[in-house]
Amino acid sequence: MLPRDLSPENFLSTYWQKKTLFLKQALADFQDPLSAEELAGLACEEEVESRLVFNTSDNWQLKSGPFTEQDFLTLPDTSWTLLVQAVDHWFPAVKQLMNKITFIPDWRLDDVMVSYATETAGVGPHFDYYDVFIIQGQGSRRWQLGQHCDENTALKENSELKILQEFIVTEEFILESGDVLYIPPGVAHQGIALNPSLSYSVGFRAPSHAEMLSQYAANICAELAEDQRYSDPDLKIQANLAEISQESLAKVKTLLTSLLHNGQDIERNIEQWFGQNMTQRKYPQHTFLPESELDIHTLSEALVQGMELEKHPATRFAFYRKPETLLLFVDGHGFDFSNTDATLNELLMNLCDRDIKHLNGLDYLSSSPCLNLLCTLYNQGSLIEAE
């Protein structure tokens, strides 16, 4: 994706989370991995997050999906945009767009949002808290970039969309098929379709400090028993009953500190929590479990008979390597393995390789740890039978 004169190292040091970058024909001869009709069909599905944005003059209106075929038949000719989240979960060819970005860790990838916009359509000037690569498909759009924004930036009132009250244009680009625009967090921007067009927004996960702290605390709270409560068997008489004593506050500080450690190695706690948290599926409420679970024997027989496995498009894999162990994280589940098992380590690296589509399970028939892992991942819906 990057031009020859811009190395991934230079991109990260010069542009990543610092300034925008327009890449003319970064994906030359780009072919859309889906059609506008297929995108509309996906927006009619109950489990898919989708939106229609209508814009007239300086006014934007939002309608949330799922939609019906009749909804699309009654739309005007211009000034509306269809946005569908996580299209990569449903179209493997869309997921392949993530593979064009080979210099950002997998755990930072979020999803690919696809938008279809009619002539003059746009979703208004806004900003995001995450990085995004916008890949232009069919048609063309004018992208305007503006000032840096934060939580104090004024937004238009009485709008379901987070439209900026003031937009100061500083740069402008026309994106045509195969062009790519990188926008770092906080940069104001808006896209306006010059004709019917498709664009693909590869977004990145950027959890807020508040989210991370609350989720880590929730992870600890889930392990605490109801009868674990504040107690003070050494309570002393106080001169003033309204006073919070230094002894009581010291007890609370000690209690909270110990709870963060949870009686264990805090580094280990954070490693496990973070890996599991960052591999949670974008929509964990959507389950993709097999019709029937397999045991090790049945899986082995199926592999011998030619069954091939592949990762479900919505699945997320990551790993964390330590001197003696390797922690594997899959869809919010954590697995702890020894670094000394060469066959198992080969399997783990293949599972975490986003370029590997089909997994040859025959290579692992003689390894019980490998078969156990493959069986577990199949039964939890992270691996599926390849078509």
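# A chat about the predicted chain

User: Which residue in β8 is the bridge partner of Arg141?

Analyst: In β8, Arg141 has Leu175 as its bridge partner. Note that this is a predicted model.

User: How many bridges join β7 to β8?

Analyst: Five, between β8 and strand β7, which covers residues 141-148. The two strands run antiparallel.

User: And what order do the strands of that sheet come in?

Analyst: The order is β8-β7-β10, three strands in an open sheet with antiparallel pairing. From one strand to the next, the twist averages 20 degrees.

User: What do strands of a sheet pair through, in general?

Analyst: Strands of a sheet pair through backbone hydrogen bonds, and the pairing is either parallel or antiparallel.

User: Let me step back. How many helices and strands are in the chain?

Analyst: The chain has 10 helices and 17 strands. There are 387 residues in the chain, and 44% of them are buried.

User: What does the C-alpha trace span?

Analyst: About 75 × 75 × 50 Å along its principal axes. The accessible surface of the chain is about 20,900 Å², and carbon and sulfur atoms account for 51% of that surface.

User: What share of the contacts comes from residues 24 or more positions apart?

Analyst: Taking the contacts with a separation of 6 or more, 77% are between residues 24 or more positions apart.

User: Where is Gln31, then?

Analyst: Gln31 is in the loop between β1 (21-23) and α2 (36-43). Gln31 has a relative accessible area of 63%, so it counts as exposed.

User: Asp29 is in that loop too. What is its phi?

Analyst: Asp29 has a positive phi of about 60 degrees, although it is not a glycine. Its relative accessible area is 70%, so Asp29 is exposed.

User: What about Ala86, is it buried or exposed?

Analyst: Ala86 is buried, because its relative accessibility is 1%, and the cut-off for buried is under 20%. Ala86 also has a positive phi, about 50 degrees, without being a glycine. Its place is the loop between β4 (80-84) and α4 (92-95).

User: And the peptide bond from Gly65 to Pro66, cis or trans?

Analyst: That bond is cis, with omega near 10 degrees. Pro66 is in the loop between β3 (59-64) and α3 (69-73).

User: Next, β13, β14 and β15. What kind of sheet do they form?

Analyst: An open sheet of three strands, in the order β13-β14-β15, with antiparallel pairing. The edge strands are β13 and β15 (333-338), and each of them pairs on one side only. On average, neighbouring strands of this sheet are turned by 20 degrees against each other, direction ignored.

User: How many bridges are there between β14 and β15?

Analyst: Six bridges join β15 to strand β14 (residues 325-330), and the two run antiparallel. Among the bridge partners, Thr325 goes with Ser338 in β15.

User: Which helix lies across those strands?

Analyst: Helix α10, residues 368-379, lies across β13, β14 and β15. The angle between α10 and β15 is about 175 degrees.

User: Where does His312 sit?

Analyst: His312 is in the loop between β12 (309-311) and β13 (317-321). With 9% relative accessibility, His312 counts as buried.

User: Which residues does His312 touch?

Analyst: Leaving out residues up to four places away in sequence, His312 touches His89, Arg281, Phe288, Gly381, Ser382 and Ile384.

User: Last topic, the surface. Which residues make the nonpolar patch?

Analyst: Tyr230, Ile244, Leu249, Val252, Leu255 and Leu256 make a nonpolar surface patch of about 540 Å².

User: And where in the chain is Tyr230?

Analyst: Tyr230 lies in the loop between α5 (209-221) and α6 (246-261). Its relative accessibility is 38%, so Tyr230 counts as partly exposed.

Note on methods. Residues are numbered from 1 along each chain as its sequence is written. This is a predicted model: local features need pLDDT of at least 70, side-chain atom pairs count only at pLDDT 80 or more; totals for chains, interfaces and linings use all residues. Side-chain values use heavy atoms; hydrogens and water are left out. Helices (H or I, at least four residues) and strands (E, at least two) are DSSP runs, numbered from the N terminus. Buried means under 20% relative accessible area, exposed over 50%, partly exposed in between (1.4 Å probe, protein chains only). Contact means heavy atoms within 4.5 Å. Patches are made of residues with over 30% relative accessible area and no salt bridge: like charges are joined within 9 Å, nonpolar side chains (Val, Leu, Ile, Met, Phe, Trp, Tyr) within 5 Å. Accessible areas come from the Shrake-Rupley method with a 1.4 Å probe; for residues, only the protein chains shown count as cover. A salt bridge is a side-chain nitrogen of Lys or Arg within 4 Å of a carboxyl oxygen of Asp or Glu. Two strands pair if DSSP finds at least two bridges between them. Axes are lines fitted to C-alpha atoms, for helices over the stretch in contact, and angles run from 0 to 180 degrees between N-to-C directions.
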